[in-house]
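Thanks for making the time this morning.

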Amino acid sequence: MLRLTNLSKVYATGDRALTDVSFTVEPGQVVGLIGPSGAGKSTLIRCINRLVEPTSGQVHLGDMEITGMRRHGLRRARRRIGMIFQEYALVERLTVMENVLSGQLGYVGFWRSFFRKFPPEAVANAYRLLDRVGLSAHVDKRADALSGGQRQRVGIARALAQNPDLLLIDEPTASLDPKTSRQIMRLIVEICDERGLPAIINIHDVALAQQFVRRIIGLQSGHVVFDGSPDGLDAEVLTKIYGEEDWSATIRKTDDDVDEDLADEGEPAGVVQETEAARRERMAGLT
Amino acid sequence: MTMSPDVPFRETWSRPPFIKRAWLRWTLYGGALLYLALAIGSIEVNWTRVWDGLDRGVRFIEGFLVPDFTSRWEDILVGMEESLTMTVTSTVVGVLISIPIGIGAARNIAPLPVYAVCRAIVALSRSFQEIIVAILFVAMFGFGPLAGFMTLSFATIGFLAKLLAEDIEDIDESQAEAIRATGAGWWQIVTYAIQPQVMPRLVGLSLYRLDINFRESSVIGIVGAGGIGATLNTAMDRYEYDSAAAILIIIILIVMAAEYLSGFVRKWVQ
């Protein structure tokens, strides 16, 4: 179970990214996090595993308080939190297998990982995961030789190789076509069901979120403005989250063939600023 | 949509100038031109000396047209062997030392104190030209290839560590972030997220440096650091332009071979 209590984040530039965000995610629950660009979705999931350092508030995962952890403890906490990224973030020049095994880095010492001598059960698990995501035939290929959908499957396998208690998923389908997007979302939701894994999915595409998740949290300027079932997303709520617009085509239809192209219209100002600040801080954590 | 049919749109457009203020722009351009004219005017040319020198130049070129490989073959062979040994050993040692310094000099992965120290080493190594370093090392270790080896290793550090650091600073950070999110430690991030991204360039730069070190080895020999440069210098001093030409031709061939080989290897590691 994941519990966020009054989580806030103010970047060094003074930008307020999150304000008093509190919610709980039960085991097996998949939450869709929606909101306009710059609303703090990306910051929020990165505050959970502290790739971005929260300014105040607490994050509890099970009985661990992640926000109170020091360097070593934080590494142990991170290895229990799988993360899946928008542009896949695979190490392009490594093989598919190395990318999946890199999910084990938090469990294995430096020299073992350097010589790629992972424990036999970790290797067997990696093969099992690659089979699960349908990539058994591509084990020795380099990651940059795969298509977008295949790469995201490797990303999923890498996150699962951590034996996670939680998945944080940042725009998993933003660089994929509509069909592949649906396949990837279905795979993620199925895997979370199989393993009873809680997950938070940042997602731009409201229709896609409505189709696959059973709980949606709406973020607007760092505040939670909606938390409930996808059926509750009516024109009024969408206006509260995104601002005034004609929402009639986006509101849930009964058949699956929902109109797609909602995204990329009019990005609010301040977007670039926020991601730049976030990027700088994320890398700063490396030193 | 706003449409105003009464007001026609302008039909001309020009690129905004790089320096916006017109007076500043013309002052800078004019000043640069004036300086160039004055600078060229200040160069003194002794035309009678140039005329005399033409004669020597012709003798040199004549010698070059009939290179003599045989009469100094022994010396050439010894010098070449020294140069090649110097080149390979100094490149290997230089690259091995450069890697940790280059990692330390990359701002995005090194803590500030380490960064400052490594950047200082790089700056020190880069601020002295090879010849000056060679003169110093010749004074310290005496004539011969040891001084040359030390010089080239030292110069390699400045070159390679700087370029490696810059390449590390340019990596795709999302890959490093993803590896960090798995709970990997710092060294694991370096070997899993950074090394794969910079390896092809590191190999390419090392081969390029091998090439440079060979060429430098033929120059620093002139100040006494051994190698083919020393042989070349002796030949020149004795006005044996035909032997000098033979040495130059061999240097050109070896540089070309190195160039071809490095191009091949770079394509292979990509």
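This is a predicted model: local features need pLDDT of at least 70, side-chain atom pairs count only at pLDDT 80 or more; totals for chains, interfaces and linings use all residues.

The crossing in which H3(B) passes H8(B) is right-handed. Which residues meet there? On the H3(B) side they are Ser83(B), Met86(B), Thr87(B), Ser90(B), Thr91(B), Gly94(B), Val95(B) and Ile103(B), and the residues they meet in H8(B) are Val190(B), Ser206(B), Arg209(B), Leu210(B), Asn213(B), Phe214(B), Ser217(B) and Ser218(B). Sorted by class, this contact of H3(B) with H8(B) comes to six nonpolar residues, nine polar and one charged. As background for reading such lists, an α-helix has 3.6 residues a turn, so residues three or four places apart point the same way.

Staying with helix H8 of chain B for a moment, Gln195(B) also lies in this helix, and Gln195(B) counts as partly exposed because there are 18 C-beta neighbours inside 10 Å. Between the C-alpha atoms of Gln195(B) and Ile171(B), which are 24 residues apart along the chain, the separation is 9.9 Å.

Now let us step back to chain B as a whole, which has ten helices and zero strands. Its radius of gyration is 26 Å, well over the 18 Å that the globule rule gives for 270 residues, and so chain B is more spread out than a compact globule. The C-alpha trace of chain B spans about 85 × 60 × 35 Å along its principal axes. Of the 270 residues in chain B, 36% are buried, and among the contacts in this chain with a separation of 6 or more, 72% are accounted for by residues 24 or more positions apart.

Turning to chain A, we find a secondary structure of ten helices and ten strands. Here 44% of the 287 residues count as buried, and residues 24 or more positions apart make up 70% of the contacts with a separation of 6 or more.

Is helix H1 of chain A, residues 41-48, largely enclosed or open? Eight of its eight residues are buried, so H1(A) is largely enclosed by the rest of the structure. Among the buried residues of H1(A) are Lys41(A) and Arg46(A), together with Leu44(A), Ile45(A) and Ile48(A).

Just after H1(A), Arg50(A) takes a positive phi of about 60 degrees. That deserves a remark, since most residues other than glycine have a negative phi. Ala89(A) has a positive phi too, near 55 degrees, and is found in the loop between strand S6 and helix H3 of chain A; with 24 other C-beta atoms within 10 Å, Ala89(A) is buried. For Arg116(A), in the loop between H4 and helix H5 of chain A, phi is positive at about 60 degrees, and this residue counts as partly exposed, with 13 C-beta neighbours inside 10 Å.

Chain A has a helix pair to look at as well, namely helix H6, residues 148-160, and helix H7, residues 178-195, which pack at an angle of about 15 degrees with their axes 10 Å apart. Angles under 35 degrees count as roughly parallel, and H6(A) and H7(A) are therefore roughly parallel to each other. Among the residues of H6(A) in this contact are Gly148(A), Gly149(A) and Ile156(A), while those of H7(A) include Thr180(A), Leu187(A) and Ile191(A). By class, the contact of H6(A) with H7(A) holds six nonpolar, five polar and no charged residues.

Finally, how many residues of each chain are in contact with the other chain? The count is 26 residues of chain A with 25 residues of chain B. On the side of chain A that touches chain B, helices H2, H4 and H10 of chain A each supply at least two residues. The residues on this side of chain A divide into eleven nonpolar, seven polar and eight charged.

Terms used
Residues are numbered from 1 along each chain as its sequence is written. Chains are lettered from A and ligands numbered from 1 in the order in which they are written. Two residues are in contact if their C-beta atoms, placed from the backbone, lie within 7 Å. Helices (H or I, at least four residues) and strands (E, at least two) are DSSP runs, numbered from the N terminus. Ala, Val, Leu, Ile, Met, Phe, Trp, Tyr, Cys and Pro count as nonpolar, Asp, Glu, Lys and Arg as charged, and the others, Gly among them, as polar. The radius of gyration is taken over C-alpha atoms; the globule rule is 2.2 Å times the number of residues to the power 0.38. A residue is buried if 20 or more other C-beta atoms lie within 10 Å of its own, exposed if 12 or fewer, and partly exposed in between; C-beta atoms are placed from the backbone. Axes are lines fitted to C-alpha atoms, for helices over the stretch in contact, and angles run from 0 to 180 degrees between N-to-C directions. Angles under 35 degrees count as roughly parallel, over 145 as roughly antiparallel, 65 to 115 as roughly perpendicular and the rest as oblique. A crossing is left-handed if the near helix is turned anticlockwise from the far one by less than a right angle, and right-handed if clockwise.
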